[in-house]
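Here are my comments on the model you sent.

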Amino acid sequence: LQAALLLGSTLALFAVASNSTNPSNNFSSNSPMNVAGNWTITLTSTQGQGTISATADVAQSGQGIGTNGVTTLTGVVGSITVSQSGTNLTGTLTNSIKGVNYNFTGTLSGGNITITGSVACGMGIQSTNIIGTITSTKLHGNYTITRDSACYYPSDAGTLAATKQ
């Protein structure tokens with residue numbers, strides 16, 4: 001679940017930046033949202049791996065999620081750089097402690113977000129998917145982590161929640 005916490009928490013932090021109240025989904029006309037602040041993130045496994053809760057202080061620079069452009073979010077465990085074009089997202093999450101990069105793609109449309117990320121684990125590949133709904137102060141959704149048999153840890157699935165204090 002450690003990889004899920006890192007990926008889920010950072011993705012949750014940029015996901016809540018979306019302006020999910022705009023029914024037109026024309027993100028290029030939205031004002032950029034500032035997500036800098038303190039967040040609480042909880043992952044609860046439905047596969048018997050337990051529950052993990054953590055807090056993260058996040059700083060933001062760049063264009064701001066909710067508009068076309070590039071935004072970088074940084075915290076103690078790493079950073080995420082996301083590029084947004086319309087409803088499409090692409091980016092990289094860097095874990096500065098472990099020196100690992102997660103590449104991801106996704107969509108952000110109204111209050112719905114989907115993210116697919118992957119990273120090498122041992123001699124295999126770990127894929128992480130997040131599907132959820134968002135508002136300006138929280139994210140709720142489900143995550144699935146699929147790992148090849150050559151990876152060190154088992155696959156997992158569960159729920160993800162992030163809330164800004």
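1. Surface. The protein chain exposes about 7,500 Å². Carbon and sulfur atoms supply 52% of that area. Keep in mind that this is a predicted model.

2. Burial and contacts. Of the 165 residues in the protein chain, 42% are buried. Take the contacts between residues at least 6 apart in sequence: 43% of them join residues at least 24 apart.

3. Elements. The protein chain has one helix and 10 strands.

4. Barrel. The 10 strands form a closed barrel, in the order β1-β2-β3-β4-β5-β6-β7-β8-β9-β10. Pairing is antiparallel. On average, neighbouring strands of this sheet are turned by 25° against each other, direction ignored.

5. Strands β1 (residues 37-45) and β2 (residues 51-62) run antiparallel and are joined by eight bridges. As a reminder, strands of a sheet pair through backbone hydrogen bonds, either parallel or antiparallel.

6. Nonpolar patch. Which residues form a nonpolar patch on the surface? They are V76, V77 and I97. Together they have about 310 Å² of accessible area.

7. V76. This residue of the patch lies in the loop between β3 (69-75) and β4 (78-85). Is V76 buried or exposed? V76 has a relative accessible area of 74%, so it counts as exposed; the cut-off is over 50%.

Notes:
Residues are numbered from 1 along each chain as its sequence is written. This is a predicted model: local features need pLDDT of at least 70, side-chain atom pairs count only at pLDDT 80 or more; totals for chains, interfaces and linings use all residues. Side-chain values use heavy atoms; hydrogens and water are left out. Two strands pair if DSSP finds at least two bridges between them. Helices (H or I, at least four residues) and strands (E, at least two) are DSSP runs, numbered from the N terminus. Axes are lines fitted to C-alpha atoms, for helices over the stretch in contact, and angles run from 0 to 180 degrees between N-to-C directions. Patches are made of residues with over 30% relative accessible area and no salt bridge: like charges are joined within 9 Å, nonpolar side chains (Val, Leu, Ile, Met, Phe, Trp, Tyr) within 5 Å. Accessible areas come from the Shrake-Rupley method with a 1.4 Å probe; for residues, only the protein chains shown count as cover. A salt bridge is a side-chain nitrogen of Lys or Arg within 4 Å of a carboxyl oxygen of Asp or Glu. Buried means under 20% relative accessible area, exposed over 50%, partly exposed in between (1.4 Å probe, protein chains only). Contact means heavy atoms within 4.5 Å.
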